[in-house]
Amino acid sequence: MPDAVPSGTVTLVGGGPGDPDLMTVGALKALAAADVVLYDRLAPREQLEEWAPRALLIDVGKTPGHHAVPQEEINRLVVEHAITGRAVVRLKGGDPFVFGRGGEELAACREHGIPTRVVPGVTSAIAVPASVGLPVTHREVSRAFTVISGHVPLTADELDALVKLGGTIVVLMGIGTLPQLGAGLLRHGMPGTMPFAIIERGFHADQRTTVATLGELVRVLGEVQPRSPAVVVIGEVVRQASVDLHSLLAEAGA
Ligand SMILES: C[S@@+](CC[C@H](N)C(=O)[O-])C[C@H]1O[C@@H](n2cnc3c(N)ncnc32)[C@H](O)[C@@H]1O
């Protein structure tokens with residue numbers, strides 16, 4: 001790492017769930033002023049050249065299980081470009097602080113005395129369910145929502161706490177561990193009639209939504225074979241979503 005007095009800046013920018021319309025004004029302003037943009041796989045990227053016309057664009061995208069550029073290398077690149085005096089934007093999908101490792105990148109910058117700023121983004125945890133009219137809270141139905149990562153299976157205590165809390169469960173990175181999660185929730189007392197929704201590739205042309213009940217999870221996963229990226233919502237709020245979902249649930253006998 002160069003041993004120099006930092007003169008550049010780093011702006012950690014949330015790019016939302018992939019729809020250019022869900023970029024904030026702050027995000028677009030930061031991109032317009034950027035010298036360097038390091039962007040992720042799930043960040044909106046099609047119009048980057050237009051949004052950041054002066055910037056060097058660096059793809060550090062990760063695919064699940066495949067870290068194209070290791071996190072330490074991303075931290076190093078961000079710091080290195082800032083130390084040489086550039087306005088660096090680190091563009092991430094959704095919100096940088098929701099399972100985005102944004103905190104680690106900021107810490108790396110602070111270690112080197114680099115001025116940093118955060119532009120929050122629209123998180124997929126709320127926006128992707130909203131894309132099918134699914135509210136994560138609803139009066140007299142759910143007054144809490146818990147956003148969990150499915151990266152690692154939950155412990156028995158965590159499953160127990162979730163079932164006792166009784167609100168909506170939103171799962172990111174959860175396709176791989178969904179069978180364990182469903183079985184665990186049922187084991188800890190969640191009824192088999194509890195509806196869930198799997199929303200794949202939210203805000204993209206090939207977005208797909210699957211709705212059923214927990215008791216049918218294994219069969220439905222076998223039939224539908226959902227793939228990442230997807231947001232999973234488990235809770236009674238699923239019944240509040242659009243009319244289409246109602247008919248799907250009715251077909252599923254929920
Ligand atoms: C590493 S996490 C980053 C989350 C991000 N920071 C946020 O706030 O949305 C990536 C996960 O977000 C979810 N995700 C992000 N964008 C999505 C989209 N457009 N459609 C469905 N899921 C999405 C998926 O669960 C994916 O595996």
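**Salt bridges and a helix pair**

Asp35 is partly exposed, at 25% relative accessibility (buried is under 20% relative accessible area, exposed over 50%, partly exposed in between, with a 1.4 Å probe and protein chains only). This is a predicted model, where local features need pLDDT of at least 70, side-chain atom pairs count only at pLDDT 80 or more, and totals for chains, interfaces and linings use all residues. Residues are numbered from 1 along each chain as its sequence is written, and side-chain values use heavy atoms, without hydrogens and water.

Which side chain meets Asp35 in a salt bridge? Arg54 does, at 3.0 Å, N to O. A salt bridge is a side-chain nitrogen of Lys or Arg within 4 Å of a carboxyl oxygen of Asp or Glu. Arg54 is exposed, with a relative accessible area of 52%.

The structure holds 16 salt bridges. In another, Arg208 meets Glu200 at 2.7 Å, N to O. Glu200 is buried, at 1% relative accessible area. Arg208 is partly exposed, at 32%.

Now take two helices. Helix H3 (residues 71–83) and helix H4 (residues 102–111) have axes that come within 9 Å and cross at roughly 45°. Helices are DSSP runs of H or I, at least four residues, numbered from the N terminus. Axes are lines fitted to C-alpha atoms, over the stretch in contact, and angles run from 0 to 180 degrees between N-to-C directions. So H3 is oblique to H4 (under 35 degrees is roughly parallel, over 145 roughly antiparallel, 65 to 115 roughly perpendicular, the rest oblique).
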